[in-house]
Amino acid sequence: MDSLNLSVHPGASAGVDPEPDCVPLPTPEQPLSIADLSAYLKIVVEGDAVLSQLWLTGEVSSAKAFPSGLYFTLKDPEAEAVITATIWRGQLARLTVVPTVGDRVIVLGQVQVWPKRGEYKLVVWQVLPAG
């Protein structure tokens, strides 16, 4: 598709009529491109009220500092689930707790979509120790 109207109604695939200004769902004759899908996911995820300011808890399973900030992975110790996270350099200097491998933490951040990498990650603003 050359130009994607990203206002497809989320319930459209479940048989719910889309809103009047929405485009029909993609078909074999008119599929989405990878870029269109990524752009749509970015709008949906980053526009979601829950995902735009989210408290998460987990265990830091890896952490590496770079000039741009701290990149780390949070894992759920009770499930096989992980999310990559970033604390940008400017925010890192403001933290009272810096996550290190093995720490159980509670973090506040925003889920963001990185279309060029086909990934989502958590951009963290605050870190608290988890009990």
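Accessible areas come from the Shrake-Rupley method with a 1.4 Å probe, and for residues only the protein chains shown count as cover. By this method the chain exposes about 8400 Å², of which carbon and sulfur atoms supply 58%.

The structure is a predicted model, in which local features need pLDDT of at least 70 and side-chain atom pairs count only at pLDDT 80 or more, while totals for chains, interfaces and linings use all residues. Residues are numbered from 1 along each chain as its sequence is written, and side-chain values use heavy atoms, with hydrogens and water left out.

Of the chain's 131 residues, 28% are buried, a term that stands for under 20% relative accessible area with a 1.4 Å probe, protein chains only. Among contacts with a separation of 6 or more, 51% join residues 24 or more positions apart, where contact means heavy atoms within 4.5 Å.

The chain holds three helices and five strands, arranged along the sequence as α-α-β-β-β-α-β-β. Helices (H or I, at least four residues) and strands (E, at least two) are DSSP runs, numbered from the N terminus, and two strands pair if DSSP finds at least two bridges between them.

| Strand pair | Sense | Bridges |
|---|---|---|
| Strand 1 (residues 54-66) and strand 2 (residues 69-76) | antiparallel | seven bridges |
| Strand 2 and strand 3 (residues 81-88) | antiparallel | eight bridges |

Strand 1 and strand 2 form a hairpin with two residues between them, and another hairpin joins strand 2 to strand 3 through four residues. Lys75 in strand 2 stands opposite Glu59, and the bridge partner of Lys75 in strand 3 is Val82.

Technical notes: Buried means under 20% relative accessible area, exposed over 50%, partly exposed in between (1.4 Å probe, protein chains only).
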